[in-house]
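Look at the model below.

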Amino acid sequence: MTIGSRMSAQMISLLAALAVFATVDEAAISGLKHAAAICNPRYECGGVIRAVAGGFEVSGVITSRRPFGVDLAEFYGPDVVADFHTHVCSIHNRVFADFFSPADAIVNQGLHTVGYMLSLCDWNIRRYDPSQDERDDEEVDFRSGRVVYLTTGHIVGWVPDEERTPDWQGAIALVR
Ligand SMILES: [Zn+2]
C-alpha cells in the first residue's frame, strides 16, 4: 500500500464517522444546530433522523416558509426513528415556543418516533419521547386566563450564540 492510498482510506473513514452518529440525541442535536445556523428564524425548519448501518443519519433541513408547522411527511419512512424542528420566537409565539405543541406530540405518538425541538427563544434543544414523557405535564397560562397543558420534554442540548443564524436575511432558507 502506498502512502497516498492509505491517506484516502483514512479520509473515507473520517467522512463516514462525520455522517453517522452513535446516538439519536447526537444526530438530532447536529440537525438542529444546522437548522439554527442556516434557517430563517421567522420560519419553522426541520428534518428527520434515520437508522442506518452503524448508527443514525440526519436528513437535510427543510422549511415551511411559515411561522408555524413544518411538514416532514416527505422525509418519513420506515427507517425514521426521530424528527426535529425549530420553534420561532415571535411576539405571538413567545409563550409556546419552549413547549412541544399538541400537534407535535400527536405526530410522535402516532408514528412512534422521538421528537426534538429547538426553541429560538431560550435556544434549548428538547426531546419528547412518547414512550417515556407525558404529553401534558406542564401547565401554561395565557393572558386570556385560559390554561392549557403541554410538554417540554427534557433538555438535551443547547445552541450557543456563535452557532446561531448570524443574519437571517442572508441565510439559506431551503436546503435539501
Ligand atoms: Zn412544534
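The buried residues of helix α3 pack against strands β6 (114-119) and β7 (124-128). Buried means that 20 or more other C-beta atoms, placed from the backbone, lie within 10 Å of the residue's own; exposed means 12 or fewer, and partly exposed lies in between. Helices (H or I, at least four residues) and strands (E, at least two) are DSSP runs, numbered from the N terminus.

This is a predicted model: local features need pLDDT of at least 70, side-chain atom pairs count only at pLDDT 80 or more, and totals for chains, interfaces and linings use all residues. Residues are numbered from 1 along each chain as its sequence is written.

In α3 (residues 102-111), the buried residues are Asp104, Ala105 and Asn108. They fall within an arc of 95 degrees seen down the helix axis, so they line one face of α3. The arc is that of the directions from the axis to the C-beta atoms. Ala103 and Gly110 are exposed on the other side of α3. Histidine 112 follows α3, and its phi is positive, near 55 degrees.

Now the core. The largest nonpolar core has 32 residues. Such a core is a set of buried Ala, Val, Leu, Ile, Met, Phe, Trp, Tyr and Cys residues joined through C-beta atoms within 7 Å. α2 gives the most to this core, with seven residues.

| Element | Residues |
|---|---|
| α2 | 24-38 |
| β2 | 45-52 |
| β3 | 55-58 |
| β5 | 80-87 |

Note on methods: Contact = placed C-beta atoms within 7 Å.
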